[in-house]
Amino acid sequence: MYASTGDRIGLVVFAGSAYVQCPLTTDVEALKLFLGTVNTNMVPTQGTAVGTAIDLCMASFDEHSEASKMIVVLTDGENHEDDVVAAASQAKDKGASVHFWGIGSPEGSPIPTLDRRGRPMGFRNDNDGNPVVSRLDEATLLQATQAGGGT
């Protein structure tokens, strides 16, 4: 991960809610440390709130700064909590670009769980014990990308 001199980068994690994992910083090594702690169990509210994550990213920017503002979202595109297209559009209206990196496949697959050392130890299950399947929602991601002025 490389940032140009003076660029600030941050990290927001989300599921059913969103949290700043690493505030904006020029310290790429610090961000890598925070990134290394991210796992599927760290957000207690399950679900997918991509729009909330975009809103939190926007709140993390200095609204008076002349610097460009870019948000990169890694997601399967499934969104159960809010309107990701509207959030991306609002971010664009406030001067940011929102880019999406789609993870997964349209056919879907179970979500793996990892132990503390990052080794696979099974799959995430719902409250009834059934595997949770994640599917790439390309159509929503394309709409949100266009609305957010991203790629």
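User: I would like to start with the cysteines. How many disulfides does the structure hold?

Analyst: A disulfide is a covalent bond between the sulfur atoms of two cysteines. In this predicted model there are 0 disulfides.

User: Is Cys-22 buried or exposed? And is Cys-57 buried or exposed?

Analyst: Burial is read from relative accessible area, and under 20% counts as buried. Cys-22 has a relative accessibility of 3%, so it is buried. Cys-57, at 17%, is buried as well.

User: Next, the nonpolar core. Which residues of the largest one touch the most other members?

Analyst: The largest nonpolar core has 21 residues, and those touching the most other members are Ile-54, Ile-71, Val-73, Val-98 and Phe-100. At least two core residues come from each of these elements: α2 (50-60), β3 (69-75), α3 (84-93), β4 (96-102) and α4 (138-147). The most comes from α2, which gives 5 residues.

User: Taking one of those residues, what does Val-73 touch?

Analyst: Residues up to four places away in sequence are set aside. The contacts of Val-73 are then Phe-14, Val-50, Ile-54, Val-98, His-99, Phe-100 and Trp-101.

User: Where is Thr-145 found, and what is it in contact with?

Analyst: Thr-145 is in helix α4. With a relative accessible area of 10%, Thr-145 falls under the 20% cut-off, so it is buried. Beyond its neighbours within four places in sequence, Thr-145 contacts Val-98, Phe-100, Gly-150 and Thr-151. Val-98 and Phe-100 are among the core residues that touch the most other members.

User: And Gly-122: where is it found, and is it buried, partly exposed or exposed?

Analyst: Gly-122 is in strand β7, which covers residues 120-123. Partly exposed is the range between the buried limit of 20% and the exposed limit of 50%. Gly-122 has 28% relative accessibility, so it is partly exposed.

User: What does Gly-122 touch, and how many residues along the chain separate it from Leu-35?

Analyst: Not counting residues up to four places away in sequence, Gly-122 touches Ile-111, Pro-112 and Thr-113. Gly-122 and Leu-35 are 87 residues apart along the chain, and their C-alpha atoms are separated by 22 Å.

Key:
Residues numbered from 1 in each chain as written. Predicted model: local features only at pLDDT ≥ 70, side-chain atom pairs only at ≥ 80, totals over all residues. Heavy atoms only, no water. Disulfide = S-S within 2.5 Å. Buried < 20%, exposed > 50% of the residue type's maximum accessible area, 1.4 Å probe, protein only. Core = buried A, V, L, I, M, F, W, Y, C linked by side-chain atoms within 4.5 Å. Helix = DSSP H or I, 4+ residues; strand = E, 2+ residues; numbered from the N terminus. Contact = heavy atoms within 4.5 Å.
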